[in-house]
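Q: Hi! I'm new to this one and would like a friendly tour. Could you walk me through it?

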Amino acid sequence: MCDPQIDLFFFFFFFGNSHVLGVGSGSTVVYAVERLAQRVRQEKLNIVCVPTSFQARQLILKHSLTLSDLDRHPELDVAIDGADEVDAMLTLIKGGGGCLTQEKIVAGCAKHFIVIADYRKDSKSLGQQWKKGVPIEVIPMAYVPISRSIMQRFGGEVSLRMAVSKAGPVVTDNSNFILDWKFEQAQNWKEVNFAIKMIPGVVETGLFVGMAEKVYFGMEDGTVKTRDPLII
Ligand SMILES: O=C[C@H](O)[C@H](O)[C@H](O)COP(=O)(O)O
């Protein structure tokens, strides 16, 4: 993501100087927060930031931005976040880094939800680019029945995400487990998201349907492509 496009984004959404911003998680958001911090310092903007994860909170503190939460700021002007995959309708897969639940809550509280991603996340249909499946955050004691239920109803393979530098499973910022559902074919993502959420023990899915308002793709040649939803 090049700076001019990030500037365009900030110009568009921060035309005043007092805003509440949701800060997403992952590696891409880091660039946006760095640029935001520069602008806040240079222009003395009054921006309050609501994090979507432990990582986002640390990022906000590292850059001496003003940290807030949904208790104090339940309505946000804009939330900015990365994605693991974005399809033609702006349906997203998120949660590759295990942070989907707080991200969805914060995005849902924002008037505008903007996604920044590199060209490798851009696809026509979910599953073309992101091969690790749809992340689903679950209550630990329910991970086996939930896995079985998803496979029986929707096919594919569900696996418990295992930690890399720790024995056992990944534990989320909310003390839950993550399942990764490798689906076999494109689905009606709105219906599937709803159906999975209805399974007892499911906390949230990494399917973000009808939420993103605009996506900025950083392209290989340094240019930026934008996409607005075809249907919301
Ligand atoms: O769990 C992680 C979040 O959903 C991230 O926003 C997503 O994985 C994209 O991360 P990155 O910008 O590192 O590709």
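Q: Let's start with histidine 19. Where is its place?
A: Histidine 19 belongs to strand S1, which covers residues 18-23. Keep in mind as we go that this is a predicted model.

Q: And is histidine 19 buried, exposed or partly exposed?
A: Partly exposed, because it has 17 C-beta neighbours inside 10 Å. A buried residue would need 20 or more, and an exposed one 12 or fewer.

Q: How far apart are histidine 19 and glycine 108?
A: In sequence, 89 residues separate histidine 19 from glycine 108. In space the pair is 16 Å apart, taken from C-alpha to C-alpha.

Q: OK, what about valine 23? What is it in contact with, beyond its neighbours within four places in sequence?
A: Its contacts include Val29, Val33, Cys49, Val50 and Pro51. Thr52, Ala56, Leu59, Ile60 and Ile80 are in contact with valine 23 too.

Q: Which residues touch the most other members of the largest nonpolar core?
A: Val23, Ile80 and Val115 do, in a core of 54 residues. Strand S7, residues 110-118, gives the most to this core, with six residues. Domain 1 and domain 2 each supply at least three residues to the core. As background, nonpolar side chains in soluble globular proteins tend to be buried together.

Q: You mentioned domains. How is the protein chain divided?
A: Domain 1 takes in 3-118 + 209-220, and domain 2 is 134-205. Their C-alpha centres lie 25 Å apart. The contact between them takes 14 residues from domain 1 and 13 residues from domain 2.

Q: Which element gives the most to domain 1's side of that contact?
A: That's H4, with four residues on the side of domain 1 that touches domain 2. That side divides into five nonpolar residues, eight polar and one charged.

Q: Switching to the ligand: which residues come nearest?
A: Gly26, Ser27, Thr28, Gly82 and Gly97, out of 17 residues around the ligand. Helix H2 (27-43) and helix H4 (100-108) are the elements that give two or more residues to this shell.

Q: How many of the shell residues are nonpolar, polar and charged?
A: Three are nonpolar, 10 are polar and four are charged.

Q: Is leucine 90 buried or exposed?
A: Buried, because 23 other C-beta atoms lie within 10 Å.

Q: Let's zoom out. How many helices and strands does the protein chain have?
A: Six helices and 14 strands. Of the chain's 232 residues, 41% count as buried. Among contacts between residues at least 6 apart in sequence, 75% join residues at least 24 apart.

Q: What does the radius of gyration come to?
A: The protein chain has 18 Å. Along its principal axes, the C-alpha trace spans about 55 × 35 × 30 Å.

Methods: Residues numbered from 1 in each chain as written. Predicted model: local features only at pLDDT ≥ 70, side-chain atom pairs only at ≥ 80, totals over all residues. Near = placed C-beta within 6 Å. Nonpolar A, V, L, I, M, F, W, Y, C, P; charged D, E, K, R; others polar. Core = buried A, V, L, I, M, F, W, Y, C linked by C-beta atoms within 7 Å. Domains from an automatic or database assignment. Contact = placed C-beta atoms within 7 Å. Rg over C-alpha atoms; globule rule 2.2 N^0.38 Å.
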